[in-house]
Protein chains: 2
Amino acid sequence: MEKMIIGIDIGGTKIAGGLVNPKGKLLKAVTVPTEAAGGFDKSLGQVMALIEQLISQGGGRDRIRGIGICAPGPLNPHTGLVINPPNLPGWKNVQLTKRVENRFKLPARLENDGNAAGLAEVLFGAATAYHDIFYTTVSTGVGTGIIINKKVYHGKNGVAGEGGHVSIDYHSPYRCGCGTLGCIEALAAGPAMVRRARVKLEQEHTLPSLLRERTQNHLSRITPEMIEAAAKAGDAVAKFIIEETGFFLGVWLASMISVLDPEAIVIGGGVSRIGKPLFDKIRETIPLYTINRRFAKHTPLLAAKLRKNVGVFGAASLFLQEGERAEKN
Amino acid sequence: MEKMIIGIDIGGTKIAGGLVNPKGKLLKAVTVPTEAAGGFDKSLGQVMALIEQLISQGGGRDRIRGIGICAPGPLNPHTGLVINPPNLPGWKNVQLTKRVENRFKLPARLENDGNAAGLAEVLFGAATAYHDIFYTTVSTGVGTGIIINKKVYHGKNGVAGEGGHVSIDYHSPYRCGCGTLGCIEALAAGPAMVRRARVKLEQEHTLPSLLRERTQNHLSRITPEMIEAAAKAGDAVAKFIIEETGFFLGVWLASMISVLDPEAIVIGGGVSRIGKPLFDKIRETIPLYTINRRFAKHTPLLAAKLRKNVGVFGAASLFLQEGERAEKN
């Protein structure tokens, strides 16, 4: 009988887990709010309890092939070490896979969430027709993953694929949390869109906008969803902010194409749900910022398919890329 | 008896060729000035004559394993097609490897010069201790090559590794020949250094500088070598231009580290000969522009070792990476 894989997605706000079969079908899914404030022991306890519950729901240890875990970086996928993720207080240099393996006597693997999600899109999502993709998720941050030959590309220290911290404007007024000026996360992620909208409306204080009306001019209340909705309702400021976001992402993805020449680009995350107006601007910009314009303009730009539970799929994928490899070669 | 490899480096100003043994020793080297103005038939004729001469010097066709060729991009290494290099007038969609194979009945391979040089550095040059490197040559342009597992990484269309056209300043006043604003070639290559020096001295026209003296204030006569020499003599303007070049390269290499996390970076080309003042500034800048600063600052930054005839070594390497592969796996 085929064994199941447990996928665990550890985030700063929630911990999600699921049972995935080798065909990539999600059979069970559980989510709990992360008790991050309770410190390391508390949140690690939640992870362990969730795994225990899923093993039991899956029919016991003998029915489980392995436990895949994704978490925010920085982490080391080679050694299974969670280094120091900003959203998980107390998680410092945690030998996570070793702890999980010792506890459950099952193999465990660790991957950063961008890489895992990219892998899941290639194995089960929008990019099953491709082997080599550049994946990005644009939401609160900008995560990326490089998938080469249907496997995660790691680099020397296991930290490759931090493309979200590539600067497209070295003297930008916007500094990312990572310290870099003008990296794409600081310009195009959700909080950056909000900030740009706010700055624009503060600077041009007579400019009319639905964003003023809907926040009663409390501009600090603007959200990415509000910008999306206002743009749909025809608001010029909101449309401008979305176009600018598409332009920034286009400049950046053009660079990724110049460097990596992937078969396809997959874009996920909350911001990507804006859809056509954003994607159109990205497509229009890419050829303007690469030497390979005649190839670049044909590089497929795909919307991510795995939305809900993408982290669980990604984590489970860590045990399915090997199966994949065994089948193909 | 071990067979030799012929390496051919086709450039806009010269065509170089050589006989290389499997250990990477250059046994013969010949260079002729490219008769580019004579058009395609003329310059292709020069390439064919050079190969013919090297076959004969090598002891005949039976003593040659293959003919490696490197040329400026864009080209397709998979199909051996030279697409349309700006410096080789008339070379448009030339099936180069097919023509060479038909003529000499020997296997031929084609690669862009950045990739070939990077491969040669890993096989015989500065980076023999590494498998995965990011190579760049900074001279008239900025060429790059990504070497993964001691092989060239090509991407989908064979045009990966055009990192020289990554923009670090999307609204830069400097537009590259490729059309992109603020790509690293437009900011940091030799001609860009010269332009920045000229603009600075024009704008601050009372600023004293050796560059004025040595050109009798004909600032259009400034060369990269002159900037290097003036900096060595203590000239503040020249030193500033070199620091700025190092800063730009540092921002850009930080991005390449964020994306690729290579084991090492190898820097070649005329501009890299400036040495310590340039490398120091690059090293100082890299950690400021990447999230992975604790890894990034330890990524070795190596000066290229193969200087003269690097193109010939690179071209010959195309037949030695397979031997390499056979030995290792």
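Me: What share of the interface residues of chain A are also interface residues in chain B?
Reply: This is a predicted model, in which local features need pLDDT of at least 70 and side-chain atom pairs count only at pLDDT 80 or more, while totals for chains, interfaces and linings use all residues. Residues are numbered from 1 along each chain as its sequence is written; chains are lettered from A and ligands numbered from 1 in the order in which they are written. The copies meet through the same surface, because the share of interface residues of chain A that are also interface residues in chain B is 100%.

Me: How many residues does the contact take from chain B?
Reply: Two residues are in contact if their C-beta atoms, placed from the backbone, lie within 7 Å. Chain A gives 32 residues, and the number from chain B is 32.

Me: Which helix of chain A gives the largest share of the side that touches chain B?
Reply: Of the side of chain A that touches chain B, 14 residues are nonpolar (Ala, Val, Leu, Ile, Met, Phe, Trp, Tyr, Cys and Pro), six are charged (Asp, Glu, Lys and Arg) and twelve are polar (the others, Gly among them). Helices (H or I, at least four residues) and strands (E, at least two) are DSSP runs, numbered from the N terminus. The largest share is five residues, and they come from residues 236–260 of chain A, that is, helix 8.

Me: How far apart are the C-alpha centres of domain 1 and domain 2 of chain A?
Reply: Chain A is divided into domain 1 (4–111) and domain 2 (126–303), with bounds from an automatic or database domain assignment. Six residues of domain 1 of chain A are in contact with four residues of domain 2 of chain A. The C-alpha centres of these domains are separated by 29 Å.

Me: What is the hand of the crossing of helix 8 and helix 9 of chain B?
Reply: Helix 8 (residues 236–260) and helix 9 (residues 276–285) of chain B pack at about 40°, with axes 7 Å apart; axes are lines fitted to C-alpha atoms over the stretch in contact, and angles run from 0 to 180 degrees between N-to-C directions. That makes helix 8 of chain B oblique to helix 9 of chain B, as angles under 35 degrees count as roughly parallel, over 145 as roughly antiparallel, 65 to 115 as roughly perpendicular and the rest as oblique. A crossing is left-handed if the near helix is turned anticlockwise from the far one by less than a right angle, and right-handed if clockwise. For helix 8 and helix 9 of chain B, the crossing is right-handed.

Me: Which residues of helix 7 of chain B make the contact with helix 8 of chain B?
Reply: Helix 7 (residues 224–232) and helix 8 of chain B pack at about 115°, with their axes 7 Å apart. Helix 8 of chain B brings B:A238, B:K239, B:I241 and B:I242 to the contact. From helix 7 of chain B come B:I227, B:A230 and B:A231.

Me: What is the phi of B:K105?
Reply: Most residues other than glycine have a negative phi. B:K105 lies in the loop between helix 2 (96–104) and strand 8 (108–112) of chain B. Although B:K105 is not a glycine, its phi is positive, about 55°.
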